[in-house]
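My entries follow in the order I made them.

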Amino acid sequence: MTPAKLAKIVLLAILLIAAGSLFGSACEQVNQQYQLVLLLDRGFLYVLLWLVAAMATVAVTGGLVAALVRPLWVCAVAFVASALAVFIAWEVSLASGVVTLIYLAVSLLYCRGVAEALDNRLKFSVEPISGSQSTLLAGLAIAASASLYFGYATEIEERGFAFPTQLGETLSEITMAPIRAQIEDRTDLTSQEKDALVAQAMEAFEEQWMTPMEESIQSYQSFVPWAIGFMLFQFLAVINSLFSWIPIVMLAIIFPILAGLGMTGKVLETREVERLVIVE
């Protein structure tokens, strides 16, 4: 391997490592800000956008490495280094270890799948990368969902399940809105009597609905993190199905640019093909 080729491989590996670090940071944010999921807070939308962007970055840089870096073991080393970056970008914990292993396993399968698909083609194209990308994106979605699961599971283990105050207030406001309107429309009551009726109605709602609902969920609280993690996975699966073409289009643009810069080039190979036929 010439120094020039080694330098190009190192450059691609650095890009993949940076993408892994970005993905690890995004998973850490998901893990730390799990409560925003239940609150449907705008802050979690920012976290989700960051996560989706990190997944797309891994898909693009991973596609470059899987398609261009050979021999295959060198490609695998680059993905291992990227997985290590995921681990370092997050705190050292069981959660980060599990997410890192998921990332590593899926990325190695992706690397091998792309390499084998390209080897079986007569002419280079991004189609084999597209075929294997769904596996990579699904693995990234599982890893991100696992980070959310571990964040919420730790909370429940330490404090037990409880509706976030803001969520409880939001549910109360939505439920009490029509009742409050009916009370306000009554002309036979003074403002003080109306306020008293509203307070009584809210207290009854808390006692008859919110408290029993919270107690019922507490009986199955160990399943709540799984449900929340599955919801995130389903959301990411929808995003992947709608926008998985974007990394492929980016790669289709990047490859000709790399060729124009002299970083890549086409090589013609002559191969012997062995077939089983009926002899004459």
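The model is a predicted one. For helix α5, residues 94–119, and α6, I read a crossing angle of roughly 175°, with the axes coming within 9 Å. I then sorted the contact of α5 with α6 by class and got 19 nonpolar, seven polar and no charged residues.

Next I took helix α4, residues 72–89, against α5. Their axes come within 9 Å and cross at roughly 155°. That angle makes α4 roughly antiparallel to α5. The crossing in which α4 passes α5 is right-handed. I listed the residues that make this contact. From α4 they are Leu 72, Cys 75, Ala 76, Phe 79, Val 80, Ser 82, Ala 83, Val 86 and Phe 87. The α5 side includes Tyr 103, Leu 104, Leu 108, Tyr 110 and Cys 111. By class, the contact of α4 with α5 has 14 nonpolar, five polar and no charged residues.

I noted a right-handed crossing where α6 passes α9. On the α6 side the contact residues include Leu 137, Ala 141, Ala 144, Leu 148, Tyr 149 and Tyr 152. On the α9 side they include Val 224, Trp 226, Gly 229, Leu 232, Phe 233 and Asn 240. The classes for α6 with α9 come to 17 nonpolar, three polar and no charged residues.

**Aromatic pairs**

I searched the whole structure for aromatic pairs and found six. Tyr 46 counts as exposed at 56% relative accessibility. Trp 50 has a relative accessible area of 25% and is partly exposed.

I then checked Tyr 149 and Phe 150. Their pair is edge-to-face, with 5.3 Å centre to centre and 70° between the planes. Are these two residues buried or exposed? I found Tyr 149 buried, and Phe 150 buried as well. Ring pairs also bring in Trp 226, and link Tyr 149, Phe 150 and Trp 226 into a cluster. Tyr 149 of α6 and Trp 226 of α9 are also among the residues that make the contact between these helices.

**Single residues**

I looked up Gln 133, which is placed in helix α6. Gln 133 is buried, at a relative accessible area of 3%. Which residues does Gln 133 touch, not counting residues up to four places away in sequence? I recorded Ala 59, Tyr 110, Ser 244, Pro 247 and Ile 248. Tyr 110 is also one of the α5 residues in the contact with α4.

Ala 56 is in helix α3. I logged Ala 56 as partly exposed, at 27% relative accessibility. From Ala 56 to Ile 254 I read 14 Å, C-alpha to C-alpha, for a separation of 198 residues in sequence.

Met 263 is in the segment after α10 (245–260). At 21% relative accessibility, Met 263 is partly exposed. I noted that Met 263 and Ala 4 are 259 residues apart in sequence and 9.4 Å apart in space, C-alpha to C-alpha. The contacts of Met 263, leaving aside neighbours within four places in sequence, are Lys 8, Leu 11, Leu 12 and Leu 258.

**Backbone**

My last entry is a peptide bond. Most peptide bonds are trans. The bond that joins Arg 70 and Pro 71 is cis, with omega about 5°. Pro 71 lies in the loop between α3 and α4.

Definitions and conventions
Residues numbered from 1 in each chain as written. Predicted model: local features only at pLDDT ≥ 70, side-chain atom pairs only at ≥ 80, totals over all residues. Heavy atoms only, no water. Left-handed = near helix turned anticlockwise from the far one by under 90°. Helix = DSSP H or I, 4+ residues; strand = E, 2+ residues; numbered from the N terminus. Contact = heavy atoms within 4.5 Å. Nonpolar A, V, L, I, M, F, W, Y, C, P; charged D, E, K, R; others polar. Phe/Tyr/Trp six-rings, centres within 6.5 Å; stacked < 30°, edge-to-face > 60°. Buried < 20%, exposed > 50% of the residue type's maximum accessible area, 1.4 Å probe, protein only. Axes fitted to C-alpha atoms, helices over the stretch in contact; angles between N-to-C directions. Parallel < 35°, antiparallel > 145°, perpendicular 65-115°, else oblique.
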